[in-house]
Amino acid sequence: MVLFLGTKSYFYSSPVLCKSIASNSSHNHAAHSLDAFYIKRAADIADSSAGYTSPHPNFGCVIAAPSGTVAGEGYLYAQGTKAAEVLAVEAAGGFSKGSTAYLNMEPGDCHGDHSAVSALVQAGIKRVVVGIRHPLQHLHGNAIRSLRGQGLQVDVVGEDLKSKIMEEARKSCLLVNAPLIHRATSRVPFSVLKYAMTLDGKIATTSGHASWISSKESRNRVFELRGRSDAIIVGGNTVRRDNPRLTARHGGGHTPIRIVMTQTFNLPEEANLWDISDVSTIVVTQRGARRSFQKLLASKGVEVVEFDILNPREVMEYFHDRGYLSILWECGGTLTASAISSGVIHKVFAFVAPKIIGGKNAPSPVGELGMVEMSQALDLIDVCFEQVGPDMLISGFLQPVPDLVPVIPSEDETFAIDPSITPYESKIIFFYKTWDPYGAFSNFSPHPIQMPDGSGSYATWSSAHKFVGVNEPVAKDCVEKIKSAKSPEEAARMGRSIQKQHPDLVRSDWEGVKIDVMYRALKCKFSIYPHLQSMLLATAGSVLVEASPHDLFWGGGREGEGLNYLGRLLMLIRSEFLGECSSPSESTCTAL
């Protein structure tokens, strides 16, 4: 369990090499060229942390001095680390004063925590150029208004700055945060289809042998794609035929979840994916399929999720609700065709090896789509070609990245326009992840705390408390590693991994004390941050529900069968702040 995000940070800082771009054209064109260059640079460095920042967007910031040189730059390394703008200002130092800050996306300061905006204002930044507005409605335009309200000049690409070169720069900003933009405009995660095939379009021989079609260089690129994804999905045929591990193998802190989609549940009892010591596996299947085998997988720690109707869209809508932004599909032709037909695939990466194997019945990467004429063929958009070792990588979009949704007036704004419309006040407030208006209530929110860990020191990550007090050297080493984690995702990964590998290292009383640990951490969090306490108090009279569809203890569960202990603790703390009780009484704790 990880509760709050740490204060450690990491940023990319390049040598000051970027000079002002010479141009023989008009001053306006030269200015646009310079702005476009730095906006693209901001998008490029934002992309450096893809996969680590989820569920946050990828943020990058470049500060250019009046002379045209880069004074400083930075990007959001992971959820809960320092904002890109803060890192860029720190790198620039005194050179920030009078400079221009280039942001690939409008800052998404979380619920009154205006660190990004404050950093730019206090550093003396004169002008801010924003690639795109924040795609989430409750954050859309907020930071831009705050910056302008502080007297800074803010230019938004596509609104204040319009030209062909600026539109290209804006496109780079859309692409680097395509997963979040898709989330804001649809109910499915951003899905990437990846496959490797021979020059004659085969993904395996007639016998089914497929190792290795592509080169080592191409396989390394696949590991990179995995590391940028929240999850990897395969079908039952792939598990039976290839027995994959589906690891990222990049040595970083982010490891994607493995998902197996199977209609029949005809899966082997022993498989690499059933080893969850390093990363979890989820099997999605038809309701009622092979109950005895479901119990076997559950005994290994593999999660099974049943669907009344098993199809790619239903599955993707579920994982959208579960909080996933980006999913990589590495399945065979049958499931690939079903996913494409369901409209859930957004981008394709096809590795083409200079090999020919032939075979009338050798499988191809995409199964039957029901097309009978070439005019029905699906065309890729924004196609790119790249040589990777001896292979050719062809990539492109099956669906364009949607433009940002229009801003819908809030209930208060609607009431101001038409007083006859009464604002709707919900009696139940659901919160989950940081893209939610009440996402700061989540135990994953960018508000670090320091609380006693029971061993005489302090911990930022609640995961460390699982192992505190255990005298085993491995447990003590685990605690120190968790304390030094750069992000909550890394801390949670460490805690989960060690708990799976060495369950004996978890403190014996953990099940009995974890609620108290969470209570103390929440009380600390909402005492330290006044704006969070105000938000919590503003929900008085409403039931708070942590809407995680998969967490049956802290969350509400998929169909409301969860215990919602996080929501219960928040309501208890809200009562204490309101003076209804000064401390958790025995009767109140019993009610929990």
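The side chains of Lys514 and Glu511 meet in a salt bridge, with 3.2 Å from N to O, in what is a predicted model. Because Lys514 and Glu511 are three residues apart in helix α15 (residues 510–528), about one helical turn separates them. Lys514 is buried, with a relative accessible area of 12%, whereas Glu511 is exposed, with a relative accessible area of 57%.

**Salt bridges across the chain**

The structure holds 26 salt bridges, and three of these pairs are set out below.

| Pair | N to O distance |
|---|---|
| Lys514 and Glu511 | 3.2 Å |
| Arg226 and Glu330 | 2.7 Å |
| Glu306 and Arg291 | 3.0 Å |

The salt bridge between the side chains of Arg226 and Glu330 links distant parts of the chain, 104 residues apart, with Arg226 in helix α7 (residues 216–227) and Glu330 in the loop between β11 (326–329) and α11 (333–341). Both of these residues, Arg226 and Glu330, are buried.

Glu306 pairs with Arg291 in a further salt bridge, and because Glu306 belongs to strand β10 (residues 303–307) while Arg291 belongs to helix α9 (residues 291–299), this pair ties together parts that are 15 residues apart in sequence. Glu306 is buried at a relative accessible area of 13%, while Arg291, at 44% relative accessibility, counts as partly exposed. Salt bridges that share partners join Arg287, Arg291, Glu306 and Asp308 into one network.

In soluble globular proteins, nonpolar side chains tend to be buried together. In this model the largest nonpolar core has 69 residues, of which Ile63, Ala101, Leu120, Ile125 and Val128 touch the most other members. Helix α1 (residues 27–46) gives the most to this core, contributing eight residues. The core lies between domain 1 (28–177) and domain 2 (186–368 + 377–397), because both domains give residues to it. Apart from this core lies another, of 32 residues, which includes Ile327, Leu335, Val344 and Val352 among its members.

Which residues does Leu120 touch, not counting residues up to four places away in sequence? Leu120 touches Glu85, Val89, Ala101, Leu103, Ile125, Val128 and Leu147.

Val383, Phe385 and Met392 make a nonpolar surface patch of about 280 Å². Of these residues, Met392 lies in strand β14 (residues 391–397), and Met392 counts as partly exposed because its relative accessibility is 34%, where partly exposed stands in between buried, under 20%, and exposed, over 50%.

Conventions:
Residues are numbered from 1 along each chain as its sequence is written. This is a predicted model: local features need pLDDT of at least 70, side-chain atom pairs count only at pLDDT 80 or more; totals for chains, interfaces and linings use all residues. Side-chain values use heavy atoms; hydrogens and water are left out. Patches are made of residues with over 30% relative accessible area and no salt bridge: like charges are joined within 9 Å, nonpolar side chains (Val, Leu, Ile, Met, Phe, Trp, Tyr) within 5 Å. Accessible areas come from the Shrake-Rupley method with a 1.4 Å probe; for residues, only the protein chains shown count as cover. A salt bridge is a side-chain nitrogen of Lys or Arg within 4 Å of a carboxyl oxygen of Asp or Glu. Helices (H or I, at least four residues) and strands (E, at least two) are DSSP runs, numbered from the N terminus. Buried means under 20% relative accessible area, exposed over 50%, partly exposed in between (1.4 Å probe, protein chains only). A nonpolar core is a set of buried Ala, Val, Leu, Ile, Met, Phe, Trp, Tyr and Cys residues joined through side-chain atoms within 4.5 Å. Domain bounds come from an automatic or database domain assignment. Contact means heavy atoms within 4.5 Å.
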